[in-house]
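Here's a quick walk through this model, heading by heading. Have a look at the structure first, then read on.

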Amino acid sequence: VALYWTADAPMELRAESRTSEARGIERTQAQPGQADDVLRGDGGHLMTFGSADTASPILAHVYTAPRDVIGPPRNVRFSLEIPIDAQSCGHVARGGSAQTGLTGGRSQMELEVPLPACDGQNSVLRLPNLLRDLTLGSG
């Protein structure tokens, strides 16, 4: 799963995985150094690409699922979050997503999300149903 956006209104890809054993929730966020989890089959990895320090910045989050899952199957739910603050309020968040399934098939989507006007309060706009969820492992 990939999400890209322009720097005017940053977007964040969130991945949350649950096992069928109800051992709790494992949250995967854009943090370096978790690639070993993917190689072991113990969770996904979320990488950040791009730099806001260019003339026309485009940034991206890419979630990589493990090829083989150790333990019980995991359901991975994706959501999109857009911080609403003094830099982003009143703008239109622009970007897109690309997603492949574990058995093939692809989908792409362009995104344009008008953000609310500035009200002096920082908040987060959460869009939980834009991306298709994944089931990893077969049980």
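This is a predicted model: local features need pLDDT of at least 70, side-chain atom pairs count only at pLDDT 80 or more; totals for chains, interfaces and linings use all residues.

## The disulfide

A search through the whole structure turns up one disulfide, meaning a pair of cysteine sulfur atoms within 2.5 Å. The partners are C89 and C118, with 1.6 Å from S to S. The link of C89 and C118 is right-handed, with 60° about the S-S bond. C89 sits in the loop between β6 and β7 (92–101) and C118 in the loop between β8 and β9 (123–127), so the pair ties together parts that are 29 residues apart in sequence. Strands here are DSSP runs of E, at least two residues long, numbered from the N terminus.

Buried or exposed, what are C89 and C118? C89 counts as buried at 10% relative accessibility, whereas C118, at 53%, counts as exposed. The cut-offs are under 20% relative accessible area for buried and over 50% for exposed, with partly exposed in between (1.4 Å probe, protein chains only).

Residues are numbered from 1 along each chain as its sequence is written, and side-chain values use heavy atoms, leaving out hydrogens and water.

The chain's mean pLDDT (the predictor's confidence in each residue, from 0 to 100) is 76, and 68% of its residues reach 70 or more.

## The nonpolar core

The largest nonpolar core has 22 residues, and M11, L13, Y63, F78 and I82 touch the most other members. Such a core is a set of buried Ala, Val, Leu, Ile, Met, Phe, Trp, Tyr and Cys residues joined through side-chain atoms within 4.5 Å. At least two residues of this core come from each of β1 (2–6), β2 (12–19), β5 (58–64), β6 (74–84) and β8 (104–114). β6 gives the most, with five residues.

## The aromatic pair

One aromatic pair shows up in the whole structure. Rings of Phe, Tyr and Trp (its six-membered ring) pair if their centres lie within 6.5 Å; planes under 30 degrees apart count as stacked, over 60 as edge-to-face and the rest as tilted.

Y63 lies in strand β5 and F78 in strand β6, so the pair ties together parts 15 residues apart in sequence. Y63 counts as buried at 5% relative accessibility, and F78 counts as buried at 2%.

Conventions:
Helices (H or I, at least four residues) and strands (E, at least two) are DSSP runs, numbered from the N terminus.
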